[in-house]
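Visitor: Please show me the model, and then let us go through it step by step.

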Amino acid sequence: MSSSQRIIVALALLLATGGAVRAADPGPGDPGFVSRAEYDSLKRDNDSLKKDFLEMRKEFEDLRKQKAAAGGAAAEPKDVTELRAEVASLRKTQEQQIKDAQDYTDELEKVVKNVQEQARANSSGTTQLLITGDASVGFDAHRHNTSNFEAGVAPRFLWKLSDKIYFDAALDIGLGRDDAGGNTTSVDLKIATANYVVCDYLVIGGGLFVVPFAAYHHNFDPSWINKLPDDPLVFSDGGLAPESALGIFATGAYLFDNGMKVNYSVYIDNGPELSGGNGTISFDNFTDQNNNKAVGGRIGFLPIPELEVGYSLQCGQASASTNHEHINALLQAVDVNYSHEFD
């Protein structure tokens with residue numbers, strides 16, 4: 001008899017004996033009465049069968065465990081296993097294709113961005129051109145002289161060719177009288193330079209530039225800054241200090257960690273011209289009269305942002321256009337400037 005059959009027989013016997021015990025309720029005079037001895041005998045048989053049932057259930061559990069250990073989990077059909085492997089392979093291939101597409105898209109965006117930046121940098125459109133400047137209207141009244149209204153405009157053009165190269169040009173347009181006493185309009189070219197940014201601390205250039213001698217012409221000459229009716233004598237037309245010069249220059253600044261700042265400018269130009277007859281020096285010399293170029297520069301020191309102390313120097317040889325007469329010209333200047341913004 002197999003173990004499962006034995007378990008079924010034992011269950012049937014337990015049910016039969018249980019029914020017999022429950023049926024033994026009548027008294028001793030009843031034909032179906034069960035005595036104490038018979039009850040104890042049936043109980044022992046019942047306990048024995050119960051014990052056999054527990055042992056058979058244990059054997060059944062052990063047999064099931066052995067079967068599970070021997071055969072393991074039910075193996076999947078071969079086609080299901082192959083299908084799972086194919087799905088995993090397709091998923092892996094799809095993930096790789098998505099990653100390759102994303103990498104290609106990122107690389108394409110970088111190339112497009114680089115091309116756009118180069119196109120903007122090489123563009124000569126209006127976005128690279130800045131037109132600025134200043135204009136003024138004034139009233140001039142001198143004692144014992146006729147009063148007059150005055151007007152002028154000074155446009156300035158900045159053209160950025162690239163992040164390193166830009167051009168700078170400025171005009172000074174004003175009203176006045178000619179030598180015959182007639183009304184006239186004067187147009188003076190004050191700046192015409194090509195500039196190259198070497199680094200954050202250095203810019204080099206060449207052309208017609210404002211001479212960095214002292215600080216007036218370079219920083220305070222525009223009428224919206226200078227409120228005086230006339231320029232200081234040293235910096236006026238025909239004065240002792242140069243205003244514009246034709247040559248090459250280098251300029252820059254450096255900021256220290258403690259907040260102090262140093263700015264500098266050096267230049268080489270055609271040099272002044274010795275005016276014949278009166279012995280004066282003219283700095284509006286667009287053609288040099290000798291091979292001795294003028295060399296100059298300025299250095300400024302700012303211990304605090306509001307205060308600047310500067311020293312300027314220019315030396316060269318001035319020659320006359322009519323003869324070979326020449327003199328050595330040495331110019332020096334010290335300037336102190338203080339500015340403060342009020343709330």
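Visitor: Among contacts between residues at least 6 apart in sequence, what share joins residues at least 24 apart?

Guide: This is a predicted model, in which local features need pLDDT of at least 70 and side-chain atom pairs count only at pLDDT 80 or more, while totals for chains, interfaces and linings use all residues. Residues are numbered from 1 along each chain as its sequence is written, and side-chain values use heavy atoms, with hydrogens and water left out. Contact means heavy atoms within 4.5 Å. Among contacts in the protein chain between residues at least 6 apart in sequence, the share that joins residues at least 24 apart is 49%.

Visitor: What is the average pLDDT of the protein chain?

Guide: The term pLDDT stands for the predictor's confidence in each residue, from 0 to 100. In the protein chain, 80% of the residues score at least 70, and the average is 79. Over residues 7-24 the pLDDT is below 50. That stretch has 14 contacts in the model beyond near neighbours in sequence, against a chain average pLDDT of 79.

Visitor: How many helices and strands does the protein chain have?

Guide: Both are DSSP runs numbered from the N terminus: helices are H or I with at least four residues, strands are E with at least two. By that assignment the protein chain has four helices and 12 strands.

Visitor: What percentage of the residues in the protein chain is buried?

Guide: Buried means under 20% relative accessible area, exposed over 50%, and partly exposed in between, using a 1.4 Å probe and protein chains only. Of the 343 residues in the protein chain, the buried part is 21%.

Visitor: Which residues have the most contacts inside the largest nonpolar core?

Guide: A nonpolar core is a set of buried Ala, Val, Leu, Ile, Met, Phe, Trp, Tyr and Cys residues joined through side-chain atoms within 4.5 Å. The largest has 13 residues. Strand 6 and strand 12 (326-338) each supply at least two residues of this core. Those with the most contacts inside the core are Phe209, Val211, Phe213, Ala214, Phe235 and Tyr267.

Visitor: Which residues does Phe235 contact, leaving aside its neighbours within four places in sequence?

Guide: Phe235 is listed among the residues with the most contacts inside the largest nonpolar core. With neighbours within four places left aside, the contacts of Phe235 are Phe213, Ala214, Tyr216, His217 and Ala241.

Visitor: Is Ala214 buried or exposed?

Guide: Ala214 lies in the loop between strand 5 (202-210) and helix 4 (216-220). Its phi is positive, near 60°, in a residue other than glycine. Most residues other than glycine have a negative phi. With a relative accessible area of 6%, Ala214 is buried.

Visitor: Is His144 buried or exposed?

Guide: His144 is not a glycine either, yet has a positive phi of about 60°. The residue lies in the loop between strand 1 (129-140) and strand 2 (148-160). Because its relative accessibility is 81%, His144 counts as exposed.

Visitor: What is the C-alpha separation of Tyr264 and Ile299?

Guide: Tyr264 is in strand 7 (residues 261-269) and counts as partly exposed, at 29% relative accessibility. Beyond four places in sequence, Tyr264 is in contact with residues including Arg298 and Ile299. Along the chain Tyr264 and Ile299 are 35 residues apart, and their C-alpha atoms are separated by 4.4 Å.

Visitor: Which residues does Gly207 touch, not counting those up to four places away in sequence?

Guide: Gly207 is found in strand 5. At 17% relative accessibility, Gly207 counts as buried. Not counting residues up to four places away, Gly207 touches Ala192, Thr193, Ala245, Leu246 and Gly247.

Visitor: How much space lies in the largest cavity?

Guide: On a 1 Å grid over the protein atoms alone, a cavity is a set of points where a 1.4 Å probe fits but cannot get out, and lining residues have an atom within 4 Å of a point. Grid points are joined across faces, edges and corners, and a volume is the space filled by probe spheres set on the points. The count comes to one cavity of 30 Å³ or more. The space in the largest cavity is about 70 Å³.

Visitor: Which strand gives the most to the lining of the largest cavity?

Guide: The lining includes Ser244, Ala245, Leu246, Asp269 and Gln314. The strand that gives the most, with three residues, is strand 6 (residues 244-255).

Key:
1 Å grid on protein atoms, 1.4 Å probe; cavity = no way out; pocket = protein on both sides within 12 Å on 5 of 7 lines; lining within 4 Å.
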